[in-house]
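Today I will talk about aromatic rings in one structure. Please have a look at it first.

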Amino acid sequence: GGHNSVQFSGIPQGKGPHAVGSMDFMSGPSNQGSFFRLYYPCAEAGHYEEPLWIPRKEYYLGLADTLKLNRFAVNFFLCYYFGSVKSPARWNAPFKPGEQYPLIIFSHGLGAFRTLYSAICIELASQGFVVAAVEHRDRSASATYYLQEKSPSDPGEPGGPTLEEVWLYNKILKAGEDEYPLRVQQVNQRAEECIRALDIILNFNAGKHTANLLPSDFDWNLLKDSIDVQRIAAVGHSFGAATAIKSLGRDSRFRCGVALDAWMFPLKDEIFSNIRQPVLFVNSEKFHWVNNILLMKKMESTSIERKMITIKGAVHQSFPDFTFLAGYMVGKLFKLKGDIDPYVAMDIINNVTLAFLQRHLDLHKDFNQWDALIDGKGEFVMPGTNLDLPPAESEIPQ
Ligand SMILES: CCN(CC)CCN(C[C@]12C[C@](c3ccc(C(F)(F)F)cc3)(C1)C2)C(=O)Cn1c(SCc2ccc(F)cc2)nc(=O)c2c1C=CC2
């Protein structure tokens, strides 16, 4: 880590051997395209800007909707506190070619968006992964936008068609509205969007370019033959973890999945027998309820590795970046911090993920040093869940 840049924001830098670059990619047409923030091993030389953690004010407006609070007040408050926070990566730094990197597609949670999990994405990139954090257009993100060709106001307008931004905000359920059909439609769209991002990145790897509608001088040619197409995984948080599991079932190019504090409700009628890849469930102590855990246990298998650990003292917000940015009091009040130190929790999340990825992507690194975490062995972890579950049918004494 380090790479001679002083760390200002609370978001930790990557600890691995690579300096980390970041850039935004959006393809068309309209909301049928792909939108992701790419984190990648980059060239060390030179000085680069760091990307804004929350790049547009519309994201604050969306967070207000998610919190069901007044947009003006939340925008003022969040802009004041978080408006200048940067992600510790090098904005549009040149990609570092020379080896074939494994690929991670990362899916955000309900009410989140692509930039809020940079501690996880930057750590993975620093350890030699290319990570695409997709931003979903299923109206589960607090806010997102797509670019639409503007119908020319007057046909004589000089120059080509201009693109206008169309913003989508978190679809808040009305009282009494049935949540399940919406979440099923969303998790299907989210899996499609993860697969779309995968296809675009694999095309770049094959030298086939997709136009980036966002202004960027990132040189995609450097990505040619730089992705290890046999070593691809799906990772996500909460609704994004359900999305990762759904993506495994849809596309066998994903060789394994890491489900971070999975929200299994959108998969409650899934039979899971069509999912053949290994899955690691990394749970916080405080988020879960019995039916959520029982749905994870439906994925247990004697032939496919399915592991679950619980991080003691962690909360749902121990996974996104907010956990580093709120003061101690506000953090505890809003459940952005648990009893465990946020940096210790993030080290466990990242290290157990790296160990599981090494095992199931067959990497030749030293991430196996954290294998014990996969079995729930360690000071702040336990195997399985902390919840008391009803005895499984097979255990009920006859
Ligand atoms: C209690 C009922 N619940 C409605 C479903 C309330 C909403 N909620 C808790 C919140 C959204 C939160 C938030 C806003 C804003 C700040 C800020 F002030 F720091 F900016 C921090 C934290 C408040 C986290 C959640 O949605 C929990 N959650 C999440 S949280 C993902 C997220 C969202 C926004 C973020 F900024 C960072 C991370 N992802 C999921 O996929 C699912 C769930 C629940 C089920 C499935």
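Buried here means under 20% relative accessible area, exposed means over 50%, and partly exposed is in between, with a 1.4 Å probe and protein chains only. This is a predicted model, where local features need pLDDT of at least 70, side-chain atom pairs count only at pLDDT 80 or more, and totals for chains, interfaces and linings use all residues. Residues are numbered from 1 along each chain as its sequence is written, and side-chain values use heavy atoms, with hydrogens and water left out.

Now the rings. Rings of Phe, Tyr and Trp (its six-membered ring) pair if their centres lie within 6.5 Å; planes under 30 degrees apart are stacked, over 60 edge-to-face, and the rest tilted. That rule gives 26 aromatic pairs. Tyr 40 and Phe 95 are tilted, because their planes stand at 40 degrees, with the ring centres 5.9 Å apart. These two are 55 residues apart: Tyr 40 is in strand β2 (residues 35-42), and Phe 95 is in the loop between β3 (90-91) and β4 (101-107). Strands (E, at least two residues) and helices (H or I, at least four) are DSSP runs, numbered from the N terminus. Tyr 40 is buried at 0% relative accessibility, and Phe 95 is buried at 1%.

What about Phe 106 and Tyr 117, buried or exposed? Both are buried.

Tyr 40 and Phe 95 also belong to a cluster linked by ring pairs, whose members include Phe 25, Phe 36 and Trp 220.

Last, charges over rings: NZ of Lys or CZ of Arg within 6 Å of the ring centre and within 35 degrees of the ring normal. Arg 190 lies over the face of Phe 239, 4.3 Å from the ring centre. Lys 268 has its charged end over the ring of Tyr 180, at 4.2 Å from the centre.
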